[in-house]
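Here is a quick walk through one structure, from its pocket to its helices and loops. Have a look at it first, then read on.

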Amino acid sequence: MQDEIATGRGWMSDTDGDGTPDTPTPIADRDVLDYAELVEAITAVVTFNTIIQQVADAAGIPVIDTDPYLLQVLSGQGIEGVQVDGTPFSGGFFSIDQVHPTPKGYAIMANIFLRHINKAYNANIPLIDINALNPRGVKFP
């Protein structure tokens with residue numbers, strides 16, 4: 001079934017009730033981004049980020065671009081002195097939905113934000129010692 005989805009053919013359904021999958025059901029166009037829609041979405045994100053940066057710059061407010069940090073996680077290099085990567089379930093950074101961080105991932109991002117806050121405002125907010133705290137990644141039953 002996973003191969004069917006990976007090739008864009010959709011879920012296999014058992015419509016005749018014989019316990020075996022029948023003809024693949026295509027994934028509806030409304031449920032999939034095509035190339036043009038992907039370009040449109042990326043363009044919108046870049047446009048919004050540019051506006052946010054311009055408004056923040058005008059107000060003297062720092063903005064943290066998290067993309068480089070997330071790309072570092074996905075590359076498997078670890079981050080903030082913690083060995084994590086973007087491997088589903090076992091990489092330690094992303095939760096099961098592969099979008100939101102685990103508690104460990106949130107702690108890593110908190111340190112990144114704290115470093116930027118400390119620098120921008122000449123503050124001295126202590127960082128989280130992630131390796132000592134060792135917050136969990138994905139917790140399996």
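## The pocket lining

The residues lining the largest pocket split into four nonpolar, two polar and two charged. This is a predicted model, by the way, so everything here is computed from predicted coordinates. The lining is made up of Val 45, Asn 49, Ile 52, Gln 53, Val 63, Ile 64, Asp 65 and Asp 67. As for volume, the largest pocket comes out at about 150 Å³.

Which element gives the most to this lining? That would be H2, with four residues. Rolling a probe the size of a water molecule over the atoms is what shows where empty space is left.

## Helix H2, end to end

At the start of the helix, Asp 34 sends a side-chain oxygen to within 3.2 Å of the backbone nitrogen of Ala 36. Just past the other end, Gly 60 has a positive phi of about 70°.

Gln 53 is worth a stop along the way. It sits in H2 and is one of the residues lining the largest pocket. Is Gln 53 buried, exposed or partly exposed? With a relative accessibility of 32%, it counts as partly exposed, because that value falls between the 20% and 50% cut-offs. Its side chain makes a polar contact of 2.8 Å with the side chain of Asp 57. An α-helix has 3.6 residues a turn, so residues three or four places apart point the same way. Gln 53 can also be paired with Ile 64, another lining residue: the two are 11 residues apart in sequence, with 9.3 Å between their C-alpha atoms.

## Helix H4 and what covers it

H4 takes in residues 103–120, and here too the length agrees: the 18 residues should span 26 Å at 1.5 Å a residue, and the end C-alpha atoms are 25 Å apart. Its buried residues are Lys 104, Gly 105, Ala 107, Ile 108, Met 109, Asn 111, Ile 112, Leu 114 and Asn 118. What lies over them? The cover includes helix H3 (67–74) and helix H5 (130–133).

Leu 114 has a relative accessible area of 16%, so it counts as buried. Leaving out residues up to four places away in sequence, Leu 114 touches Ile 125, Pro 126 and Leu 127. Ile 128 is 14 residues along the chain from Leu 114, and the C-alpha atoms of the pair are separated by 9.2 Å. Asn 118, also in H4, is buried with a relative accessible area of 13%. Beyond its neighbours within four places in sequence, Asn 118 is in contact with Ala 123, Asn 124 and Ile 125. Ile 125 therefore turns up in the contacts of both Leu 114 and Asn 118.

Most residues other than glycine have a negative phi. Where does Gln 98 sit? It is in the loop between H3 and H4, and it takes a positive phi of about 60° despite not being a glycine. At 29% relative accessibility, Gln 98 is partly exposed.

Asn 122 is the other one to look at. It comes just after H4, in the loop between H4 and H5, and its phi is near 50°, again positive in a residue other than glycine. Is Asn 122 buried or exposed? Exposed, with a relative accessible area of 74%.

## The chain as a whole

Zooming out, the protein chain has five helices and zero strands, so reading from the N terminus its elements go α-α-α-α-α. Of its 141 residues, 22% are buried. Among contacts with a separation of 6 or more, 30% are between residues 24 or more positions apart.

Note on methods: Residues numbered from 1 in each chain as written. Predicted model: local features only at pLDDT ≥ 70, side-chain atom pairs only at ≥ 80, totals over all residues. Heavy atoms only, no water. Polar contact = N/O pair within 3.5 Å; in protein donor to acceptor, adjacent residues only side chain to side chain. Helix = DSSP H or I, 4+ residues; strand = E, 2+ residues; numbered from the N terminus. 1 Å grid on protein atoms, 1.4 Å probe; cavity = no way out; pocket = protein on both sides within 12 Å on 5 of 7 lines; lining within 4 Å. Points joined across faces, edges and corners; volume = space filled by probe spheres on them. Nonpolar A, V, L, I, M, F, W, Y, C, P; charged D, E, K, R; others polar. Expected span 1.5 Å × (residues − 1). Buried < 20%, exposed > 50% of the residue type's maximum accessible area, 1.4 Å probe, protein only. Contact = heavy atoms within 4.5 Å.
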